[in-house]
Amino acid sequence: MIPTSRTLDVDAIRKDFPVLSRILPNGKPLVYLDNAATSQKPRQVLDALTAYYELHNANVHRGVHTLAEEATALYEGARDAVASFINAPSRDEVVFTKNASESLNLVANMLGWAEEPYKVDADSEIVITEMEHHSNIVPWQLLAQRTGAKLKWFGLTDDGRLDLSHIDEIITEKTKVVSFVLVSNILGTVNPVEAIVRRAQDVGALVVIDASQAAPHMVLDVQALEADFVAFTGHKMLAPTGIGVLWGRQELLEDLPPFLGGGEMIETVSMQSSTYAPAPHKFEAGTPPIAQAVGLGAAIEYLNGVGMDAIWAHEHRITEYALQRLQEVPDLRIIGPTTAEDRAAAISFTLGDIHPHDVGQVLDEQGIAVRVGHHCARPVCLRYGIPATTRASFYLYSTEAEVDALIDGLHHVRAFFG
Amino acid sequence: MKLDSMYQDIILDHYKHPHGRGLRDGDAEVHHVNPTCGDEITLRVKLDGNVLADVSYEGQGCSISQASASVLNDLLVGKELGEAQQIQEAFLELMQSKGQMEGDEEVLEDAIAFAGVSKYPARVKCALLSWMAWKDATAQALAGAPVKESA
């Protein structure tokens with residue numbers, strides 16, 4: 001059913017996503033262009049969830065009954081699927097969390113409680129960038145406040161890219177950790193990983209990569225990235241909400257302390273003290289999101305069936321077309337790179353003086369779902385002197401006809417507020 | 001059409017030609033934001049005894065939030081505090097009515113135009129931003145809080 005060539009059969013793919021054929025209460029067909037917020041779910045993922053609950057539901061890693069063993073096999077099978085999807089050297093490097101925010105908070109807390117040489121303290125520096133999602137800003141602000149460490153960041157160029165011109169002053173011998181986004185959720189920028197990783201490695205800093213907007217859209221190879229940690233979330237890549245991933249290098253996961261304590265993460269417990277299970281279980285306290293992990297496994301199977309390179313190529317074509325057509329709309333200013341080079345399929349823009357809330361409302365009236373606001377990346381809006389943006393973001397099921405609908409909708413917005 | 005029920009001409013008119021905009025002398029100043037969308041308002045309240053002498057404001061945001069601040073200025077300036085608070089409560093009730101109320105034009109005047117907005121949960125906060133800021137600033141002015149430097 002799913003073609004494996006580089007060219008997508010978008011019509012066939014769209015048939016797998018029930019919601020895409022929905023007619024909205026105002027009689028308009030849905031044009032879903034809010035994929036950077038969350039993706040829609042194919043029938044195959046929904047079926048996997050239903051099958052899990054109808055046939056196999058049990059708690060994992062405990063109990064000897066048939067359902068418990070099946071549930072454990074499905075949950076751990078999803079871990080195998082993730083490990084393979086990101087080319088992890090070992091399945092034990094894949095920690096399940098509830099989302100990317102939790103993954104990033106987990107790393108920040110590991111480092112906050114760590115012993116030397118990983119310990120972040122008052123002599124340490126933490127480096128992030130101005131284009132981070134709040135989920136990769138606030139955990140580091142908290143860590144800096146609690147430890148006295150200094151928080152530094154890379155600024156942005158006028159065309160929406162990282163300004164690395166002062167990289168040697170920003171990443172220094174004091175830097176303990178550098179955490180940055182692979183693909184910006186607001187600008188669409190694909191960041192130059194190698195230059196940052198090289199400098200971080202030179203000074204012995206750990207590298208954390210937020211791949212939330214990368215994992216759904218491109219081949220993600222944690223070994224090629226040469227990072228120490230990679231975080232992403234399931235719901236943006238066809239999986240349910242409530243399941244995220246933290247990949248970490250095995251020796252780090254072994255050395256670093258746990259954050260959340262509880263069931264599942266222990267080896268033995270007495271009233272005085274406990275010893276911990278080996279990674280990844282050391283970082284998965286409590287009953288995990290089992291069905292959600294199973295859903296993520298099904299989502300990965302679906303994505304692999306289509307082919308991540310084919311998805312990237314499709315989105316690149318859509319992005320090129322959308323950038324070209326958006327720039328035909330009068331008074332429209334793209335916030336971020338204006339060409340498709342080193343760029344993913346989330347496109348933010350402003351439309352004259354019309355506030356994005358009003359843009360989004362009038363588009364919604366035409367069945368077009370976009371995101372409006374600061375996209376949990378308020379520093380980017382401050383950087384470019386705008387209160388908010390409208391963002392259209394595409395995925396494997398997006399079509400040129402949907403881009404055309406957006407453009408027609410924007411002309412309608414201008415007429416309405418003109 | 002549904003959209004016109006939200007974007008009444010009165011609202012668009014207040015948005016394009018806001019009344020009383022700009023920061024003037026005040027007894028208290030507050031800065032409120034709508035964290036989900038980035039709408040912001042800085043608002044000052046000036047009291048003259050028991051009378052609301054002025055409400056001045058600066059802000060950025062969507063048509064609904066900006067028009068609402070303009071309507072607030074129209075409605076509340078010159079009123080006694082007790083009456084202003086009743087108007088604020090009537091507006092709050094209208095905005096929380098989920099489209100079930102039309103609003104009392106005797107009390108709310110132009111503000112009844114926002115009745116349609118109450119059908120859109122995501123936009124109710126936009127309409128209420130300046131009103132919540134006003135309530136906060138008035139409480140601070142009554143408590144004798146000093147005017148803060150504008151942000």
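Which residues make a nonpolar surface patch of about 360 Å²? In this predicted model, that patch is formed by A:Trp113, A:Phe259 and A:Leu260.

**Nonpolar surface patch**
- A:Leu260, one of the residues that make the patch, is found in the loop between helix H9 (250–255) and strand S9 (266–269) of chain A.
- A:Leu260 counts as partly exposed because its relative accessibility is 47%.

**Largest pocket**
- The largest pocket has a volume of about 460 Å³ and is lined by 22 residues, with A:Gly360, A:Asp364, A:Val370, A:Val372 and B:Ala122 lying nearest its centre.
- At least two residues of this lining come from each of helix H12 (356–365), strand S13 (368–369) and strand S14 (371–373) of chain A, and likewise from helix H6 (121–142) of chain B.
- By residue class, the lining of the largest pocket divides into 10 nonpolar, 6 polar and 6 charged residues.

**Salt bridges**
- A:Arg14 and A:Glu402 meet through their side chains in a salt bridge (3.3 Å, N to O), which links helix H1 (residues 10–15) to helix H14 (residues 400–417) of chain A across 388 residues; both A:Arg14 and A:Glu402 are buried.
- The side chains of A:Arg249 and A:Glu251 form a salt bridge (2.2 Å, N to O), in which A:Arg249 is partly exposed at 27% relative accessible area and A:Glu251 is partly exposed at 38% relative accessibility.
- A network of salt bridges links A:Glu76, A:Arg79, A:Asp80, A:Arg91, A:Asp92 and A:Glu284.

Methods. Residues numbered from 1 in each chain as written. Chains lettered and ligands numbered in written order. Predicted model: local features only at pLDDT ≥ 70, side-chain atom pairs only at ≥ 80, totals over all residues. Heavy atoms only, no water. 1 Å grid on protein atoms, 1.4 Å probe; cavity = no way out; pocket = protein on both sides within 12 Å on 5 of 7 lines; lining within 4 Å. Points joined across faces, edges and corners; volume = space filled by probe spheres on them. Helix = DSSP H or I, 4+ residues; strand = E, 2+ residues; numbered from the N terminus. Nonpolar A, V, L, I, M, F, W, Y, C, P; charged D, E, K, R; others polar. Patch = residues over 30% accessible without salt bridge, like charges linked within 9 Å, V, L, I, M, F, W, Y side chains within 5 Å. Areas by Shrake-Rupley, 256 points an atom, 1.4 Å probe, with all protein chains shown as cover. Salt bridge = Lys/Arg side-chain N within 4 Å of Asp/Glu carboxyl O. Buried < 20%, exposed > 50% of the residue type's maximum accessible area, 1.4 Å probe, protein only.
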